[in-house]
Amino acid sequence: MDSANSDLAEPRPASRTPLSRTADNGLKIVIVGGFGVGKTTMVRSVSDIRPLNTEETMTLAGRDIDDLRAVPNKSATTVAFDFGRISLDDRTVLYLFGAPGQERFWFLWDRLFSGTLGAVVLVDDRRLADSWYAIDRLEHHGTPFIVARNDFGGPPHEAERIRDALDLDPHIPLIDCDARSRDSSKKVLITLVEHLQALVGTPETA
């Protein structure tokens with residue numbers, strides 16, 4: 001979905017609003033998850049600026065390494081990270097980093113997590129086991145996170161089954177989303193910010 005469904009994303013506005021001069025609250029957010037769960041698509045759909053992508057065309061050699069059974073039409077993959085930016089209001093700006101999903105690129109994650117205030121774990125409920133490593137590394141770093149189930153069109157799992165499968169603490173938000181939708185992706189990020197605010201006991205963003 002990172003590449004194949006990108007063309008289905010909502011149309012971008014004709015112009016992007018520049019960063020407000022009053023913006024003084026920048027938050028680094030990382031979007032992590034398994035291979036092909038929609039991380040690049042989410043960054044593309046929600047970013048206020050033209051996102052930086054490090055996608056490369058997948059080769060036949062890579063097909064012997066990456067499991068494409070759930071994403072047979074995937075033709076490109078992130079090899080470093082994606083970067084985008086979204087302003088939630090005049091003061092609060094989120095800097096978005098999408099992490100690569102394949103196991104051979106996991107060595108990049110610890111560096112991406114440096115300075116991160118929170119994370120979104122994007123999951124495909126057909127392949128929940130692919131998200132275990134992301135959750136393990138976030139917990140290892142003590143990084144707060146929420147879980148967003150990306151809609152791939154199949155029958156949804158019950159929330160409690162996803163929680164049980166991922167062994168999520170009750171306080172960790174679990175929401176549904178469509179990574180192709182700007183509004184849906186923005187809702188995911190707002191949920192994360194609200195979760196971070198609740199953890200530190202600060203007022204919600206106006």
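**Entry 1: after helix H4**

Which residue follows H4, and is its phi positive or negative? I looked this up in a predicted model. The residue after H4 is Gly 142, and its phi is positive, near 70°.

I then turned to H4 itself, which spans residues 132–141. Its buried residues are Ala 134, Ile 135, Arg 137 and Leu 138. Viewed down the axis of H4, these buried residues fall within an arc of 165°, so they line one face of the helix. I recalled the general rule: an α-helix has 3.6 residues a turn, so residues three or four places apart point the same way.

**Entry 2: the chain as a whole**

I listed the elements of the protein chain and found six helices and eight strands. Along the sequence they follow the pattern β-α-β-α-β-β-β-α-β-α-β-α-β-α. Of the 206 residues in the protein chain, 49% are buried. I also checked the contacts between residues at least 6 apart in sequence, and 75% of them join residues at least 24 apart.

**Entry 3: the sheet**

In what order do the six strands of the open sheet stand? I read the order as E4-E5-E1-E6-E7-E8, with mixed pairing. Strand E4 (82–87) and strand E8 (174–177) stand at the edges; each has a single partner strand, so one side of each is left without a neighbour in the sheet. Neighbouring strands of this sheet are turned by 25° against each other on average, direction ignored.

Strand E7 (residues 145–150) runs parallel to E8, and four bridges join the two. Val 147 stands opposite Leu 174 in E8.

**Entry 4: helices across the sheet**

I noted two helices that lie across strands. Helix H5 (residues 159–166) lies across strand E6 (118–123), E7 and E8, and runs at about 115° to E8. H6 lies across strand E1 (25–33), E4, strand E5 (92–98), E6, E7 and E8, and runs at about 160° to E7.

**Entry 5: the loop between H5 and E8**

Asp 167 is in the loop between H5 and E8. I recorded its positive phi of about 55°, although Asp 167 is not a glycine. Is Asp 167 buried or exposed? Its relative accessibility is 61%, so Asp 167 counts as exposed.

**Entry 6: helix H1 against helix H6**

How do the axes of H1 and H6 cross? The axes of helix H1 (residues 39–46) and helix H6 (residues 182–200) come within 8 Å and cross at roughly 100°. H1 is therefore roughly perpendicular to H6.

I listed the residues that meet: Met 42, Ser 45 and Val 46 from H1, and Arg 182, Ser 185, Lys 186, Val 188 and Leu 189 from H6. By class, this contact has four nonpolar, two polar and two charged residues.

I next checked burial in H1. Seven of its eight residues are buried, so H1 is largely enclosed by the rest of the structure. The buried residues are Lys 39, Thr 40, Thr 41, Met 42, Val 43, Ser 45 and Val 46.

**Entry 7: Leu 199**

I ended with Leu 199, which is in helix H6. At 47% relative accessibility, Leu 199 counts as partly exposed. Which residues does Leu 199 contact, leaving aside its neighbours within four places in sequence? They are Pro 144 and His 171. Leu 199 and Pro 144 are 55 residues apart in sequence, and their C-alpha atoms are 8.6 Å apart in space.

Note on methods: Residues numbered from 1 in each chain as written. Predicted model: local features only at pLDDT ≥ 70, side-chain atom pairs only at ≥ 80, totals over all residues. Heavy atoms only, no water. Axes fitted to C-alpha atoms, helices over the stretch in contact; angles between N-to-C directions. Parallel < 35°, antiparallel > 145°, perpendicular 65-115°, else oblique. Contact = heavy atoms within 4.5 Å. Nonpolar A, V, L, I, M, F, W, Y, C, P; charged D, E, K, R; others polar. Buried < 20%, exposed > 50% of the residue type's maximum accessible area, 1.4 Å probe, protein only. Pairing = 2+ DSSP bridges. Arc of directions from axis to C-beta.
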